[in-house]
Amino acid sequence: MKTLKVGIVGCGGIANGKHLPAMKRNGNFEIIAFCDLIAERAEKAKKEYGTEDARVYTDYQELIKEELDAVYVLTPNSVHAPVAIAAMKAGKNVMCEKPMAKTFAEAKEMVQTAKETGKILTIGYQNRYRGDSLYLKKACENGDLGEVYYAKAHAIRRRAVPTWGVFLDAEKQGGGPLIDIGTHALDLTLWMMDNYEPESVTGSVFRKLADQKDTGNAWGDWDPEIFTVEDSAFGFIKMKNGATITLESSWALNSLDVDEAKTSLCGTKAGADMKDGLRINRVQYGRQCVEKPALDAGGVAFYDGSSERPEDIEQKIFYEAVAEGKPLTVKPEQAMVVTQILEAIYESAKTGKTVYFD
């Protein structure tokens, strides 16, 4: 099999926690260039995952001059677009971490650049590749749920504010839980519904708990002085075909109803949610019933039936798209609509008015 030569821009948590280990397990990637504003971070990533002669940079403009098949954009949100666009213009295919961009305008420019250059562009929405997600997608495609006309996108944490990196920096991230984890829940929901035509968005954004102390946060108390993003955000989304979606997201919320990167769907034939594993509810033979697929069933000694990790499937699909011309699962046009809706929630909350789309 062909080995892809790739470069990494951004050698922080998402690179080391998801992409680099998955690429190593895949075995068909040769990482020959690393870039990070902190040179030591790039050096460390090179030692763990790079080729012996891999180069290290602190300027991505230098990295994209290398002979590469692809560039991974794993930076703070504010530079997703400029790095991805520069890489595509330099003839490189791009895997960009979620969210696609800080703004809808940037996302549109990324899509346009991909079209103009003919390069592959995809976004890191790995939750699509979970076992429950793949099963539910098949059910939706098969029409098992009928017309899905109401859905909920869940991204609620009770007390799990990320206190490292630039997560709390509004300028570099563009937002808090809405753009960080709400983006996964919304992507899953739109993908299941196969509906990317929003008509209007109404949003509410709150910063109600960020100034508190003794927070009980999973990663220790946050610093209110640098907490410049929201701690929760909510959206009401109406699609052009009349379907309605509610989106809930929080890093800190006084709620026991905690769910992250999940969706609930209500259709004319059946409904589905991910509240207690994947559950599909319907009426059958005149009775209400609930189906729970055995997604982790093994039944054989020393085998638990586990499937591939979502991040491994993500790398496999990107590899096959670049090396073999196979289709992407996460298309940039889809990710662009996610960014459009997230931006509209922030705008609606700011103005107090509903945002309407053409």
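Q: Are Phe29 and Tyr72 buried or exposed?
A: In this predicted model, local features need pLDDT of at least 70 and side-chain atom pairs count only at pLDDT 80 or more, whereas totals for chains, interfaces and linings use all residues. Residues are numbered from 1 along each chain as its sequence is written, and side-chain values use heavy atoms, with hydrogens and water left out. A residue counts as buried under 20% relative accessible area, as exposed over 50% and as partly exposed in between (1.4 Å probe, protein chains only). Tyr72 has a relative accessibility of 0%, and both Phe29 and Tyr72 are buried.

Q: How many aromatic pairs does a search of the whole structure find?
A: Rings of Phe, Tyr and Trp (its six-membered ring) pair if their centres lie within 6.5 Å, and planes under 30 degrees apart count as stacked, over 60 as edge-to-face and the rest as tilted. When the whole structure is searched for such aromatic pairs, the number found is nine.

Q: Which kind of aromatic pair do Phe29 and Tyr72 form?
A: Phe29 lies in strand S2 and Tyr72 in strand S4, so the pair links distant parts of the chain, 43 residues apart. Their rings are 6.3 Å centre to centre with 85° between the planes, and the pair is edge-to-face.

Q: Which element holds Phe318, which pairs with Tyr72?
A: The ring centres of Tyr72 and Phe318 are 5.5 Å apart and the planes stand at 90°, so this pair is edge-to-face. Phe318, at 1% relative accessibility, counts as buried.

Q: At roughly what angle do the axes of helices H1 and H2 cross?
A: Asn16, Leu20, Pro21 and Lys24 in H1 meet Ala45, Glu48 and Tyr49 in H2, where contact means heavy atoms within 4.5 Å. The axes of H1 (residues 13-26) and H2 (residues 39-49) come within 11 Å of each other, and they cross at roughly 30°.

Q: Where is Ala243 placed?
A: Ala243 is buried, with a relative accessible area of 3%. Not counting residues up to four places away in sequence, Ala243 touches Val148, Tyr149, Met193, Asn195, Ile237 and Lys238. Helices (H or I, at least four residues) and strands (E, at least two) are DSSP runs, numbered from the N terminus. In these terms, Ala243 is in the loop between strand S9 (232-239) and strand S10 (244-250).

Methods: Axes fitted to C-alpha atoms, helices over the stretch in contact; angles between N-to-C directions.
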